Amino acid sequence: MRCVNDTALVRRQVWLMIGTVAVLYGLSRLAIGPLPQDPAYHLFADARTGPGGMPHAASVLSNLSILAASLLGLALRPRMTIAPEERAAVNILIAASFLIAFGSAYYHWAPANAPLVWDRLPIAVVLMSLLALVMADRVHPLFARVALWPFTALGIASVVVWGISEAIGKGDLLLYLIVRLGTGAAIALLVILRQPRYTGTSWLVAALAIEIAMGVLERFDHEVFHLTGGLASGHSLKHVLAGVGLAFVFGWLRARKARDS
């Protein structure tokens, strides 16, 4: 009976969170209206052609860091500390990490709104599965199972809403931004404020630090390109750090141990 009650409680909390996101989106639309994607976002500092005529080679090839991290996650998967209710979330996390590498490379080959959808979709899925895992660690183990699919659906919906709105000429990035930034903030607050069931928090802290550094590099893409004398742009370095951040997340899943054991 307690398990049934716990499941119902966690399910209510999950849908309360999703409802809060919907309310925030509605209020934001009323306050500032739709927020289209800035076309300048696609104008990356390093647009040099690479071997074989590869366009935007640095931005495309730097995704090898994410691919390498995904392969690491797959290799570590049998040795990760994973509760039964966490298995689906971990598997989706690893699979979506592979998709980020390919989706990002596809987008950077010819940057535009349409291919950017295939970059952002797996990013949203990775964030949602990680949030479910962190909530399972910090709030209740059932979050890994109960929250996974609603959270994943929300992440996918946020990208689809943006993509469709751009396609019909009424671009609106607000829902994606709320989900993207809100997820990062929620994970950070959980790590800081809640006691974990598992050891290995330092791995998550390192991943959060990487996330902050990635945001800085993305913001100063052109400045980093000039400071390095054209050796590397902020955005290509962001891809490298994204792989490092994913490796830290997989390291957390591998290194952690139950605190009561």
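Author: Val10 is buried, with a relative accessible area of 2%; here buried stands for under 20% relative accessible area, exposed for over 50%, and partly exposed for values in between, computed with a 1.4 Å probe and protein chains only. The model is a predicted one, in which local features need pLDDT of at least 70 and side-chain atom pairs count only at pLDDT 80 or more, whereas totals for chains, interfaces and linings use all residues. Residues are numbered from 1 along each chain as its sequence is written, and side-chain values rest on heavy atoms, with hydrogens and water left out.

Val10 belongs to helix H1, where a helix is a DSSP run of H or I of at least four residues, a strand is a run of E of at least two, and both are numbered from the N terminus. With residues up to four places away in sequence set aside, Val10 touches His140, Leu142, Phe143 and Val146; contact means heavy atoms within 4.5 Å.

The chain as a whole contains eleven helices and zero strands. Its radius of gyration is 19 Å, close to the 18 Å that the globule rule gives for 261 residues, so the chain is as compact as a globular protein of that length; the radius is taken over C-alpha atoms, and the rule is 2.2 Å times the number of residues to the power 0.38. Along the principal axes, the C-alpha trace spans about 60 × 45 × 25 Å. Buried residues account for 49% of the 261 residues. When contacts between residues at least 6 apart in sequence are considered, 77% of them join residues at least 24 apart.

The accessible surface of the chain comes to about 12,700 Å², and 71% of that area belongs to carbon and sulfur atoms; such areas come from the Shrake-Rupley method with a 1.4 Å probe, and for residues only the protein chains shown count as cover. There are 21 positive and 14 negative side chains, and the centres of these two sets lie 10 Å apart. In this count Lys and Arg are positive and Asp and Glu negative, while His and the chain ends are not counted; each charge is placed at NZ of Lys, CZ of Arg, CG of Asp or CD of Glu.

Rings of Phe, Tyr and Trp (its six-membered ring) pair if their centres lie within 6.5 Å, with planes under 30 degrees apart counted as stacked, over 60 as edge-to-face and the rest as tilted. The count by this rule is three aromatic pairs. One of them joins Phe44 and Tyr107 edge-to-face, at 6.0 Å centre to centre with 80° between the planes. Phe44 lies in the loop between helix H1 (2-32) and helix H2 (57-61), and Tyr107 in helix H4 (residues 87-109), so this pair ties together parts that are 63 residues apart in sequence. Both residues are buried, Phe44 with a relative accessible area of 11% and Tyr107 with 0%.

Trp203 and Phe248 also form an edge-to-face pair, at 6.0 Å centre to centre and 65° between the planes. This pair links distant parts of the chain, with Trp203 in helix H9 (residues 201-219) and Phe248 in helix H11 (residues 234-255), 45 residues apart. Trp203 counts as partly exposed at 34% relative accessibility, as does Phe248 at 25%.

Apart from neighbours within four places in sequence, Gly245 is in contact with Ala207 and Ile210, and its C-alpha atom is 9.3 Å from that of Met214, 31 residues away along the chain. Val205, in helix H9, is partly exposed, with a relative accessible area of 43%. Val205 and Leu246 are 12 Å apart, C-alpha to C-alpha, and 41 residues apart in sequence.

Two further positions complete the account. Thr152, in helix H7 (residues 148-167), is buried, with a relative accessible area of 8%, and touches Val125 and Met128 when residues up to four places away in sequence are not counted. His56 sits in the loop between H1 and H2, and its phi is near 50°, a positive value in a residue other than glycine.
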